[in-house]
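Have a look at the fold before reading on.

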Amino acid sequence: MSSIPSLLETMLKLRDQDTGCPWDIEQTFESLSNCMVEEAYEVVDAISRKDYENLKEELGDVLLQVIFHSQIANELGLFNFEEVTKTLNQKLIRRHPHVFSGALKP
């Protein structure tokens, strides 16, 4: 299994109402919002220290937050991780017409 689908499956298992982790199950957008900010600061700190091994880990922690929030949103019927990545890709293309002027819209 490739990394992203495996990661999404892990989060799904952690949030499973019957067999998941009690702490993960009880989390909400609001309860995780400080974690998102804290992880972003830890990325900046690793960059400032040029600690690239730690940067790899901290970027993973930021990605965890994105996946966690996306799973909660999916459970609420709002959106899912695939929609987040699709929206990001569309934004990147839209903001770079000098690169993607002939690109088909995804």
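**Notes on the model**

1. From the N terminus on, the elements of the protein chain run α-α-α-α-α-α, with helices being DSSP runs of H or I, at least four residues, numbered from the N terminus. The radius of gyration is 16 Å, well over the 13 Å that the globule rule gives for 106 residues, so the chain is more spread out than a compact globule. That radius is taken over C-alpha atoms, and the rule is 2.2 Å times the number of residues to the power 0.38.

2. A word on provenance: this is a predicted model, where local features need pLDDT of at least 70 and side-chain atom pairs count only at pLDDT 80 or more, while totals for chains, interfaces and linings use all residues. Residues are numbered from 1 along each chain as its sequence is written, and side-chain values use heavy atoms, with hydrogens and water left out.

3. Helix H5 (residues 81-94) has 14 residues and spans 20 Å from first C-alpha to last, close to the 20 Å expected (1.5 Å times one less than its number of residues). At its N-terminal end sits Asn80 as a cap, with a side-chain oxygen 3.1 Å from the backbone nitrogen of Glu82.

4. Now Ser33, in helix H3 (residues 29-48). Ser33 counts as partly exposed because its relative accessibility is 36% (buried is under 20%, exposed over 50%, partly exposed in between; 1.4 Å probe, protein chains only). A polar atom of its side chain lies 3.0 Å from the backbone oxygen of Glu30.

Conventions:
Helix = DSSP H or I, 4+ residues; strand = E, 2+ residues; numbered from the N terminus. Polar contact = N/O pair within 3.5 Å; in protein donor to acceptor, adjacent residues only side chain to side chain.
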